[in-house]
Amino acid sequence: DVESWRDLETLDISIGKPAEVIAKVERRVRGLHSALRFVGFSHWWGGPVLFAEDWKPVFRTHPGLPNTVTLGAFSGHGVALSVYLGCWAAEATLGRKPLPSW
């Protein structure tokens, strides 16, 4: 759990409860069908559901991981914005599109 959207800068999904949840999802996916038994996972997304200051989504480079985009706090618009901003984040990670300045 985080107290503020600023805590996203230090959130580590590779340890603690986030890592446990990810491991559970991986086991579940591998158990869905025998063809998925040995599937590998190269990337994961993780973050809390919360509201940010001024109702603006958090969307910037992680200060400690320059090749990682911190994205979240959609203020109730998660489904609509997650796909759009997820694509934008991928393009930004590939250097094809700048991150927003808000």
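## Around threonine 70

Leaving aside neighbours within four places in sequence, threonine 70 is in contact with Leu8, Val58, Phe59, Arg60, Thr61 and His62, where contact means heavy atoms within 4.5 Å. Threonine 70 itself belongs to strand 2 (residues 65–72); helices (H or I, at least four residues) and strands (E, at least two) are DSSP runs, numbered from the N terminus. With 10% relative accessibility, threonine 70 counts as buried. For burial, the cut-offs are under 20% relative accessible area for buried, over 50% for exposed, and partly exposed in between (1.4 Å probe, protein chains only).

A word on the ground rules: this is a predicted model, in which local features need pLDDT of at least 70 and side-chain atom pairs count only at pLDDT 80 or more, while totals for chains, interfaces and linings use all residues. Residues are numbered from 1 along each chain as its sequence is written, and side-chain values use heavy atoms, with hydrogens and water left out.

Valine 58, one of the contacts of threonine 70, sits in strand 1. It is buried too, at 6% relative accessible area. Its C-alpha atom is 8.7 Å from that of tryptophan 102, which is 44 residues away along the chain.

## The aromatic cluster

How many aromatic pairs does a search of the whole structure find? It turns up 3. Phenylalanine 59 and tryptophan 88 make an edge-to-face pair, 5.3 Å centre to centre with 90° between the planes. Here, rings of Phe, Tyr and Trp (its six-membered ring) pair if their centres lie within 6.5 Å; planes under 30 degrees apart are stacked, over 60 edge-to-face, and the rest tilted. Phenylalanine 59 is in strand 1 (residues 58–62) and tryptophan 88 in helix 2 (residues 78–93), so this pair ties together parts 29 residues apart in sequence. Both partners are buried: phenylalanine 59 at 5% relative accessibility and tryptophan 88 at 13%.

Tryptophan 88 also pairs with tyrosine 84: the ring centres are 6.0 Å apart and the planes are at 70°, so this one is edge-to-face as well. These two residues are 4 apart in helix 2, which puts about one helical turn between them. Tyrosine 84 is partly exposed, at 48% relative accessibility.

The charged end of lysine 97 sits over its ring, 4.5 Å from the centre (the test is NZ of Lys or CZ of Arg within 6 Å of the ring centre and within 35 degrees of the ring normal).

The search of the whole structure gives 1 salt bridge, meaning a side-chain nitrogen of Lys or Arg within 4 Å of a carboxyl oxygen of Asp or Glu. It joins the side chains of glutamate 26 and arginine 30, at 3.7 Å, N to O. Both lie in helix 1, 4 residues apart, or about one turn. Glutamate 26 is buried at 17% relative accessible area, whereas arginine 30 is partly exposed at 27%.

Valine 25 is also in helix 1 (residues 16–32), and is partly exposed at 35% relative accessibility. Val21, Val25 and Trp44 form a nonpolar surface patch, with about 240 Å² of accessible area together. Patches take residues with over 30% relative accessible area and no salt bridge, joining like charges within 9 Å and nonpolar side chains (Val, Leu, Ile, Met, Phe, Trp, Tyr) within 5 Å. Accessible areas come from the Shrake-Rupley method with a 1.4 Å probe; for residues, only the protein chains shown count as cover.
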